[in-house]
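Here are my notes on this one, written for someone opening it for the first time. Have a look at the model, then read the points in order.

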Amino acid sequence: MMAVLLLHFIVSFSSKTTDISTDRSTLLALKAHVVSDPRNFLTTNWPVDISICNWVGVTCESRNQRVIALNLFNLSLSGTIPPDMGNLSFLTWLNIGYNNFHDLLPVQLTNLYRLKFISMSDNNFHGEISSWVGYFPELQ
Ligand SMILES: *[C@@H]1O[C@H](CO)[C@@H](O)[C@H](O)[C@H]1NC(C)=O
Ligand SMILES: *[C@@H]1O[C@H](CO)[C@@H](O)[C@H](O)[C@H]1NC(C)=O
C-alpha cells in the first residue's frame with residue numbers, strides 16, 4: 001500500500017513538474033527566437049530566475065499552473081515563432097499582434113486545440129493559415 005501511494009506520489013509529482021517545465025522551455029524558446037526587443041520588454045519582464053507565471057504577459061491557470069494566455073501585443077518584437085509553441089497545450093488566448101514577427105507560422109500551432117482567441121495581425125508572416133481554422137474548435 002505504501003509503495004503504491006509512494007509510486008502515485010512520484011508519478012503525479014514528476015508529471016506535474018514536467019508540465020510546468022515544458023511551458024517554461026517553450027517560453028524560453030520563444031524568447032530565444034526574438035532577435036530584436038527594442039523596448040527591452042522580454043529582458044526586463046521575463047527574468048529566468050522567477051516563475052513564468054509571474055512574467056508580464058503570461059497568465060497561468062491558478063490550480064495546475066499551466067500557461068493559458070500569452071499577451072505580447074504591440075511590443076515591437078522581431079523574430080520568428082518556434083515550433084515549440086505547439087507545446088503550450090493549455091493555451092486558450094494568444095495575442096502577438098502589432099510586432100515584427102516574420103517567416104512561416106509553424107504548423108505545430110495547430111496542436112493548440114484549446115485556443116479561443118488568436119490575434120496575429122500586423123506582423124510579417126508568410127503563407128496561408130486560413131486552412132488551419134478547423135484545428136481550433138473553440139475559436140471565437
Ligand atoms: C503601440 O504602442 C505605441 C507605443 O507605446 C503606441 O503609441 C501605439 O498607439 C500602440 N498601438 C496600438 C495599436 O495599440
Ligand atoms: C516541443 O516541441 C518540439 C517540436 O515542435 C519538440 O521537438 C520538443 O521536444 C518539445 N519540447 C518539450 C519540452 O516537450
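**Notes on the model**

1. Let's start with ligand 2: one of its oxygen atoms is 2.6 Å from an N or O atom in the side chain of N87. That falls under a polar contact (a pair of N or O atoms within 3.5 Å; within protein, one must be able to donate a hydrogen and the other to accept it, and residues adjacent in sequence count only if both atoms are side-chain atoms). The protein covers 46% of the 360 Å² of accessible area that ligand 2 has on its own; such areas come from the Shrake-Rupley method with a 1.4 Å probe, and for residues only the protein chains shown count as cover.

2. Before going on, the ground rules: this is a predicted model, in which local features need pLDDT of at least 70, side-chain atom pairs count only at pLDDT 80 or more, and totals for chains, interfaces and linings use all residues. Residues are numbered from 1 along each chain as its sequence is written, chains are lettered from A and ligands numbered from 1 in the order in which they are written, and side-chain values use heavy atoms, with hydrogens and water left out.

3. Who else sits around ligand 2? The residues there are T22, S25, P83, D84, N87 and Q108, where being near means having a heavy atom within 4 Å. By class, the shell has one nonpolar, four polar and one charged residues. Here Ala, Val, Leu, Ile, Met, Phe, Trp, Tyr, Cys and Pro count as nonpolar, Asp, Glu, Lys and Arg as charged, and the others, Gly among them, as polar.

4. Now ligand 1, which has R39, F73, N74 and Y98 around it. N74 puts a polar side-chain atom 2.3 Å from an oxygen atom of this ligand. Taken alone, ligand 1 exposes 360 Å², and the protein buries 36% of that. Its shell divides into two nonpolar, one polar and one charged residues.

5. On to the strands (DSSP runs of E, at least two residues; helices are runs of H or I, at least four; both are numbered from the N terminus). Two strands pair if DSSP finds at least two bridges between them. Strands β2 (residues 58-60) and β3 (residues 67-71) run antiparallel, joined by three bridges, and V58 stands opposite L70. Their hairpin has six residues between the strands, and Q65 takes a positive phi near 60° there. On β3 there is also a parallel pairing, through three bridges, with β5 (residues 93-95); L70 has L94 as its bridge partner in β5.

6. Which order do the strands of the open sheet follow? It is β1-β4-β6-β8, four strands with mixed pairing. β1 (34-36) and β8 (124-126) are at the edges with a single partner strand each, so one side of each has no neighbour in the sheet. Inside it, β4 (residues 78-79) and β6 pair parallel over two bridges, with S78 partnered by N100. β6 (residues 100-104) and β8 are also parallel, over three bridges; among the partners are L104 with H126 and H102 with N124.

7. The salt bridge count is one, taking a side-chain nitrogen of Lys or Arg within 4 Å of a carboxyl oxygen of Asp or Glu. D23 and R66 form it, at 2.8 Å from N to O. D23 lies in helix α1 (residues 2-33) and R66 in the loop between β2 and β3, so the pair ties together parts that are 43 residues apart in sequence.
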